[in-house]
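Trainee: Could you take me closely through a single part of this model, the contacts that its chains make with one another?

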Amino acid sequence: MRKLLVLFLLAVIAFSLYKPLSTIEFGADRMGSIENPTTVGAYYLSKTPSELSVANVITAIVVNYRGFDTLGEVSVLFLAATGLGSILYRRRKEGEHSISISKPSSQLLQAGSKLIYPAILVLGAYVFIHGHLTPGGGFQGGAIIATGILLMMMSYKDFHLNHTVLTWIESLAGITFATIGIAGLIVGKTFLENFMPIGTLNDLFSGGIIPIIYIAVGFKVAAELAGVLDTLLSIKEK
Amino acid sequence: MILFTISIVVLAVILIGVAVYAVMQKDLLFAVIATGIMSLILSVLFFLMQAPDVALTEAAIGIALTTIIFVITIRNTSRREDEVPILKESDASEMDDKQKAKI
Amino acid sequence: MENIDFNQILSIAIYGSAVGLILIGLYAVLMKKHLTKIIIGLSIIDAGIHLLFIAIGYISNGTSPIFSEKGISLVSEGTKMVDPVPQALVLTAIVIGFGVTAVALSLVIRLYRHHQTARIDQIKTLKW
């Protein structure tokens, strides 16, 4: 009975999704011309090279045009990390290991992860420093760094994350983001206004405040995700 | 265009298959690995549809981090979907016979 | 061979798989009893919605919205780029989805510690 009801509901949803989607042709050009933009996407494409001189339009949208949105997103991620810590909080005993992996990992995994851990960190830093030139950015780079830290956590039992350092990195990155936003309010007109010189397209030092904010976001995301993984991995097995 | 169409269609079929497997599998660890494979295929699809930024995000977060937090959860909870729990004494005494028979 | 409409096949494949993912995830959320399975269903719904957004933003023979060195001249020549707005939205949604999944899974772990089960049909009390 319940299954029938659910299948009926799914059929209704499928039909109501089919009707609007059948009018949207896949791959059709709905953007309008870039010279005379009518949609918001075409507007961003036409304005980004001249206004911000940022090569990657997605970075320009995420950090500059919708920068306030990104500030909210970063705070949601921070709240998620904090909430996770408080939900899973359990007082630690004296001399307890922070990571609760019971068996030691193999020699091969230990040697291999020691070898590629610095490479992963460098790749992550590359991805978020070059966020305005190539695909990537703060979120991707931070997630890549978190995977590197995860690899070390899983292969070494005594790999220790310093929580004070993590908190400081996170807070400083968040403060940098908010300070740049307020500086835009003071120097220019609006919150997060791009008040720095924009440089030329495809230079590393171009785009004004965009690379600085994305580097801060990268550090913040890396610290938060590493904190989440550390909290989850330090749950004691019963 | 032909190659693009064929690759998209094949990936879409695998995507649906892996998602159905993830939902139907009773062993949750297998289901989680299937979700990771789904993220991998999704990442390739994003790349084919000219969204390299999204593909990179999905590759880092969807494949690595989401899978590992699911695996940690399964380690701390039960692995089988249909597992009957070992009841604590206090819980068992509170239940009446009807509920006991149900379990 | 010439009169095959590739766009028709592509739209059926992409929109079909996106809607299919949403429906499969919704089925798991509604029908399954184990909480981890329900969260797997939620992440499948997420994946379907992301795929739908990217597919709607795609323009055939378009390039990804990243300017090369001669990028500004490329625009005036009329080379198409795919819509960047859905990509930016999906970028945000993936990261938020990870946070949501992490918090949901931590609640599952906490519930399991208290009730010794993660199946919603075996949890009898409301308070924990």
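Mentor: In this predicted model, 12 residues of chain B are in contact with 15 residues of chain A, and the side of chain B that touches chain A is made up, by class, of nine nonpolar, two polar and one charged residues. Turning to the other partner of chain B, the contact between chain B and chain C takes 44 residues from chain B and 44 residues from chain C. On the side of chain B that touches chain C, at least two residues each are supplied by helix 1 (2–24), helix 2 (28–48) and helix 3 (52–76) of chain B, and helix 3 of chain B gives the largest share, 14 residues. Sorted by class, this side of chain B, where it touches chain C, holds 29 nonpolar, 11 polar and four charged residues.

Two details within the partner chains can be set beside these contacts. In chain A, helix 6 (residues 138–155) has 18 residues and reaches 26 Å from its first C-alpha to its last, close to the 26 Å expected at 1.5 Å a residue; because 15 of its 18 residues are buried, helix 6 of chain A is largely enclosed by the rest of the structure. Leu107(C) and Leu42(C) are 65 residues apart along the chain, and their C-alpha atoms are separated by 15 Å.

Note on methods. Residues are numbered from 1 along each chain as its sequence is written. Chains are lettered from A and ligands numbered from 1 in the order in which they are written. This is a predicted model: local features need pLDDT of at least 70, side-chain atom pairs count only at pLDDT 80 or more; totals for chains, interfaces and linings use all residues. Two residues are in contact if their C-beta atoms, placed from the backbone, lie within 7 Å. Helices (H or I, at least four residues) and strands (E, at least two) are DSSP runs, numbered from the N terminus. Ala, Val, Leu, Ile, Met, Phe, Trp, Tyr, Cys and Pro count as nonpolar, Asp, Glu, Lys and Arg as charged, and the others, Gly among them, as polar. The expected span of a helix is 1.5 Å times one less than its number of residues. A residue is buried if 20 or more other C-beta atoms lie within 10 Å of its own, exposed if 12 or fewer, and partly exposed in between; C-beta atoms are placed from the backbone.
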